[in-house]
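This report goes through a few parts of one structure in turn. The sequence and the model are shown first.

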Amino acid sequence: MLLARRRCAPMATTMPNAAAFSGAATASQPAEGIAKDRDLAPLRPPVLADAEVFALAQRYLTPNYKNSSIVFSHGDGPWNIATDGRRYLDMSAGVAVNALGHGHPDLVAAIAEQSARLVHQSNYWHNQHAAVLAADLCQRFETAVLNTTGKTEQSRVFFCNSGAEGTEATVKTARRYHARILGKARPGIVTVQGSFHGRTYAAMTATAQPKYQDGFEPLVPGFRYAKFGDLASIAAQIDDTVGAVLIEVVQGEGGVCVAPPGFFKELRQLCDDRGVLLCLDEVQTGIGRTGTFFAFEQEGIAPDIVWLAKALGGGIPVGAMIAREAVAQALQPGTHATTFGANALCMYVGRVVLGVIDRDDLVGNARRMGDLLLRELKTAFAGKAYVVDIRGRGLMCGVQIRGDVKAVIEVARSKGLLVSLAGSDVVRLTPPLVIGREHVEFAVSHLLAAAEQVLANA
Ligand SMILES: Cc1ncc(COP(=O)(O)O)c(C=O)c1O
């Protein structure tokens, strides 16, 4: 029964009922059959008033998110527009996701056109978009490896749906590579304090921040923690039971932390010397955000595994783990899989996102606008006693603040600027890669006004 609906318990709020849905079947219309053979208007759920949204969310969503009281109805480039018509400059981009901004015509067309052709198929069958997107990502990876190391490497991609799944795939691949390809299990994994790798079990265990692990014990065995940017501390955690180091090139959630110059080169050497895989989490830094397609390119090194998500689908969930050929051989048939990963819609959208990034030189724009943003922030906040540090790379910038950082973010929001919190004291800016000079100026002046309002006399 195509139109069968489940009975729901009565609701305290005004809940849209079946009849309120435009296109719902009536007694005279057929209740069975293939939708596209019927001459019905598309089913369109009704739009709710904000108060109804809040009531439903409060009653029915798990309480794990602290949502603000804004409901966005649509977007326009780097702007988000709320249901009351207010415009907000989105300098967060859904936490580094909306690389093309909102309502980008190429993204809109890609989703519409591909969804009319084919949304999902299982991985039992080939899908041209997965094959082409994998080839594209491998070529970018292999070119970056050649440029940084002079070595010719082949690589392969595993597609998934999120950053955390990329972390899981990396942990599984690294462990299986040692156990089944090299023939000696080395299940130990070293990660660093302040890292963020996701919320699933291995990803949460890899995330060396107790606040994310609290109450979820027992964690996944085999993880050890060291200090970010501190080679000796990482070296001290590596013995012959350790098979991989997992690390972000620039720590995002941890507070937009950049490692000291030369750290990654030394880490690469350490991993080579000890037979350990270097696995880089580029979920936030990847796809051009830091001014090169992969952030590792700026470190002059190449990883054994790198994983991406966030910006790759421009808002459609797409994740990808790229591994060197020999390492990728750990994932033989039946060893790892995901239902939704590599589906036709996600893969096509990924192709279009990368196509737009190349066509419009958005990596170059990230570099240019990122330099401008950092410079303008440093100029605007020069001499402010409440500023501890201003740092970043490309369009991933952080203003570290002494004082009530959450209040600064809230006041900025009330002034029409969306930024996010990173670590305990950093205002993070990860805007869409399409922003221009006027957006940088708006962001800096409004963030300064918010900080002054909260902190100038604190
Ligand atoms: C570096 C990094 N890795 C992994 C993740 C987890 O990604 P997801 O939330 O898509 O699972 C994030 C999310 O913020 C991240 O910043």
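## Around the ligand

By class, the shell around the ligand has 5 nonpolar, 7 polar and 3 charged residues. Here Ala, Val, Leu, Ile, Met, Phe, Trp, Tyr, Cys and Pro count as nonpolar, Asp, Glu, Lys and Arg as charged, and the others, Gly among them, as polar. Of the 15 residues around the ligand, those that come nearest are Ser162, Gly163, Ala164, Gly198 and Val283; a residue is near a molecule if its C-beta atom, placed from the backbone, lies within 6 Å of it. Helix α5 (residues 163-182) gives the largest share of this shell, 3 residues.

## Basis of the model

This is a predicted model, in which local features need pLDDT of at least 70 and side-chain atom pairs count only at pLDDT 80 or more, while totals for chains, interfaces and linings use all residues. Residues are numbered from 1 along each chain as its sequence is written. Helices (H or I, at least four residues) and strands (E, at least two) are DSSP runs, numbered from the N terminus.

## The sheet

Strands of a sheet pair through backbone hydrogen bonds, either parallel or antiparallel. An open sheet of 4 strands has mixed pairing and the order β1-β2-β3-β15. Its edge strands, β1 (72-76) and β15 (417-418), each pair on one side only. Two strands pair if DSSP finds at least two bridges between them.

β1 and β2 (residues 79-82) pair in the antiparallel sense over 4 bridges, and His74 has Ile81 in β2 as its bridge partner. β2 also runs antiparallel to β3 (residues 87-90), joined by 3 bridges, with Asn80 opposite Tyr88 in β3. The hairpin of β2 and β3 has 4 residues between the strands, and Gly85 takes a positive phi near 90° there. β3 and β15 run parallel and are joined by 2 bridges; Asp90 stands opposite Leu418 in β15.

## A helix pair

The axes of helix α4 (residues 128-149) and helix α11 (residues 344-359) come within 8 Å and cross at roughly 40°. That makes α4 oblique to α11, because angles under 35 degrees count as roughly parallel, over 145 as roughly antiparallel, 65 to 115 as roughly perpendicular and the rest as oblique. Axes are lines fitted to C-alpha atoms, for helices over the stretch in contact, and angles run from 0 to 180 degrees between N-to-C directions.

In α4, His129, Ala130, Val132, Leu133 and Asp136 meet Ala344, Met347, Tyr348, Gly350, Arg351 and Leu354 in α11 (contact: C-beta atoms, placed from the backbone, within 7 Å). By class, this contact of α4 with α11 has 7 nonpolar, 2 polar and 2 charged residues.

Technical notes
Two residues are in contact if their C-beta atoms, placed from the backbone, lie within 7 Å.
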